[in-house]
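My entries follow in the order of the search.

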Amino acid sequence: MSKKLFSSLFQYKAWANGELFTALQGVPEAAHPQEMHLAARIVSHVLIVDQIFKANVVAEQHGFKAANAEEIPKLGDLRAPVRRVDEWYLQYVDSLSEAQLAEPLEFTFTDGSAGRMTREEMLAHVITHGNSHRGQVSALLHALSIPLPRDIFTHFLHRERR
């Protein structure tokens, strides 16, 4: 995958996360506490995995023992850290060379098993993992009859190129 495409995908990820948080703001949490707790749990999980792979791509220790938080933060408390991690990935991807993307790195999964992936594979995982879980949250919104964000890469590209 090219560096330019990774840059576009991480721009899309940041945009889609913002759209998701905007949609979630419209949900009356008091009327749907279970659904909003589940949404927060999913978003928190994605944030943790993003942070784990952030450490992995720079060959640092992340300190997480699991990919889920023991205590789930409120959705409102997750928006800023998600945005910070998204911004970090945007800057990081733009700083990489093609050779660095292809470089294999060794790391340890949260279960203690050894891992080895290229930076490119890790970055692709961050993108696809976030996409999958945003879809889960969108399904929750759909079940509550909340208007869904247009979380589609082609929609993002079309909006950006107008």
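I take contact to mean heavy atoms within 4.5 Å. Helices (H or I, at least four residues) and strands (E, at least two) are DSSP runs, numbered from the N terminus. This is a predicted model, where local features need pLDDT of at least 70, side-chain atom pairs count only at pLDDT 80 or more, and totals for chains, interfaces and linings use all residues. Residues are numbered from 1 along each chain as its sequence is written, and side-chain values use heavy atoms, with hydrogens and water left out.

**Entry 1: helix packing**

I began with H2 and H5. Helix H2 covers residues 33-57 and helix H5 covers residues 119-143. Their axes lie 10 Å apart, at an angle of about 175 degrees. That makes H2 roughly antiparallel to H5. Axes here are lines fitted to C-alpha atoms, for helices over the stretch in contact, and angles run from 0 to 180 degrees between N-to-C directions. Angles over 145 degrees count as roughly antiparallel, under 35 as roughly parallel, 65 to 115 as roughly perpendicular and the rest as oblique.

I then listed the contact. From H2, the residues include Leu38, Ile42, Val46, Val49 and Phe53. From H5, they include Met122, Val126, His129, His133 and Leu140. The contact divides into 13 nonpolar, 7 polar and 3 charged residues. I count Ala, Val, Leu, Ile, Met, Phe, Trp, Tyr, Cys and Pro as nonpolar, Asp, Glu, Lys and Arg as charged, and the others, Gly among them, as polar.

Next I checked H1 against H3. The axes of H1 and H3 come within 9 Å and cross at roughly 170 degrees. H1 is therefore roughly antiparallel to H3. Their contact has 11 nonpolar, 7 polar and 6 charged residues.

**Entry 2: buried side chains**

Is Leu78 buried or exposed? Leu78 has 2% relative accessibility, so it counts as buried. The cut-offs are under 20% relative accessible area for buried, over 50% for exposed and partly exposed in between (1.4 Å probe, protein chains only). Leu78 sits in helix H3 (residues 75-95). Setting aside neighbours within four places in sequence, Leu78 is in contact with Phe21, Ala40, Val43, Ser44, Leu47 and Pro73.

I followed that list to Ser44, which is in helix H2. Ser44 is buried as well, at 3% relative accessibility. Beyond residues up to four places away in sequence, Ser44 touches Ala69, Pro73 and Leu78.

Thr118 came next, in strand E2 (residues 114-118). Its relative accessible area is 16%, so Thr118 is buried. Outside four places in sequence, Thr118 is in contact with Leu101, Ala102, Glu103 and Pro104.

How many cavities of 30 Å³ or more does the whole structure hold? I found 1. The largest cavity holds about 100 Å³ of space. It has 13 lining residues, and Asn17, Leu20, Val43, Val46 and Arg134 lie nearest its centre. Helix H1 (3-25), H2 and H5 each give two or more residues to that lining. By class, the cavity lining has 7 nonpolar, 3 polar and 3 charged residues.

Of its 13 lining residues, Glu60, Gln61, His62, Gly63 and Thr108 are the closest to its centre. Strand E1 (residues 104-108) gives the most to the lining, with 3 residues.

My terms: on a 1 Å grid over the protein atoms alone, a cavity is a set of points where a 1.4 Å probe fits but cannot get out, a pocket is an open set with protein on both sides within 12 Å along at least five of seven lines, and lining residues have an atom within 4 Å of a point. Grid points are joined across faces, edges and corners, and a volume is the space filled by probe spheres set on the points.
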